Amino acid sequence: KPRVFSGIQPSGNLHLGNYLGALKRFVDTQNEAEFETVYCMVDLHAITVWQDPAQLAHNTRELAAGFIAAGIDPAKSILINQSQVPEHAQLAWIFNCVARMGWMGRMTQWKDKAGKNAEAASLGLLAYPSLMAADILIYHATHVPVGEDQKQHIELTRDIAAKFNHDYGVDFFPLAEPVIEGAATRVMSLRDGTKKMSKSDPSDASRINMTDDADTIAKKIRKAKTDPDPLPDSYEGLADRPEARNLVNIYAALAEMTPEAVVADHAGQQFGQFKPALADLAVDKLAPITTEMSRLMADPAEIDRILAKGALQAREITTPILKRTYEIVGLVASV
Ligand code: TYM
């Protein structure tokens, strides 16, 4: 079976963009049963920017609860916390020596996050994509479901695999493909349709958090920025209306419809009508996940047990791949 790998950072504020762009699609892929699926909380990626230690530990368990509440079944998928599977970081070091500085410096996420003061950014933030390549390739995974914003990193993963294979004259690491599908591959801020929904936006009203209660979800949708026009009768009519298009895309992804069908169903409606329908749908789909998340969070020891078991399963895959990599590179390993 081809292997699927993907990850989410436990840096707080798991939001609707993460859910629709990633988590919900992880669940769908798991249930399609034609893939072996490995899903990961990437705590080592989170610490590329400062994380309060107690908060990081809390966020990691809460994210694990989010995965399970959304439908990731530890009996069907391998569910892990990155730092518990040391082969990720071990392979990342080798990739740090394969990848070039220039490749890292060209990443748009690096440029956005490091900003003008790149000198003060952590070295880990620059090397971030190399660890991400290791996450994927330590499983020889070939399919990586992500939102639009991760596409460049997966392309870099392919470059690293290709350079490794070329430098060492092997055909060892596969070229992984980003799988960017569905109506919500780039969910935008509820306050500004030109900015993506993000955990770091200072305005909490810009995003729907997976921990928001039903009233908060409904209120944020009611207050979402829109324009005064009614919904058009075709999706193309939304081309220059980013806020309106975003709400239609969110509706489509939640309802598992195409955006075209959503527009057809609601053609001519004002947002005063469409927003309550969207709020009902969002509460309907998200509230059960939120409730289940807090139920799971009441027993953190059980979450830790699930992750420990996941790490053991993962290491059955990662240990032989790392061992073979060491042989290829000429690192003398213990026998
Ligand atoms: P992260 O934690 O920023 O986001 C997790 C996933 O959510 C998607 N996403 C969105 N999708 C649609 N609309 C949005 N507004 C939105 N915001 C976030 C992201 O595209 C991502 O799929 N580097 C990764 C984590 C990672 C990883 C990996 C992913 C580490 N190793 C290996 C895949 C494979 C990240 O920071 O995602």
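Modeller: Lys275 counts as partly exposed because it has 19 C-beta neighbours inside 10 Å; with C-beta atoms placed from the backbone, 20 or more others within 10 Å make a residue buried, 12 or fewer exposed, and anything in between partly exposed. The model is predicted, so local features need pLDDT of at least 70 and side-chain atom pairs count only at pLDDT 80 or more, while totals for chains, interfaces and linings use all residues. Residue numbers start from 1 along each chain as its sequence is written.

Lys275 is placed in helix α12. Helices (H or I, at least four residues) and strands (E, at least two) are DSSP runs, numbered from the N terminus. Leaving out residues up to four places away in sequence, Lys275 touches Ile221, Arg222 and Ala224; contact requires C-beta atoms, placed from the backbone, within 7 Å. Tyr251 is 24 residues away along the chain, and its C-alpha atom is 9.6 Å from that of Lys275.

As background, an α-helix has 3.6 residues a turn, so residues three or four places apart point the same way.

Helix α13 (residues 300-329) has 30 residues, which at 1.5 Å a residue should span 44 Å; its end C-alpha atoms are 40 Å apart, in agreement. The expected span is 1.5 Å times one less than the number of residues. A kink of about 35° is centred on Arg315 in α13, where the bend is the angle between axes fitted to the seven residues ending there and the seven starting there. Gly330 follows α13 and has a positive phi, near 90°.

At domain level, the assignment gives domain 1 (3-180 + 299-329) and domain 2 (204-295); such bounds come from an automatic or database assignment. Their C-alpha centres lie 30 Å apart, and 10 residues of domain 1 are in contact with 9 of domain 2. On the side of domain 1 that touches domain 2, α1 (16-32) and α3 (53-70) each supply at least two residues, and α3 gives the most, with 4.

Methods: Contact = placed C-beta atoms within 7 Å.
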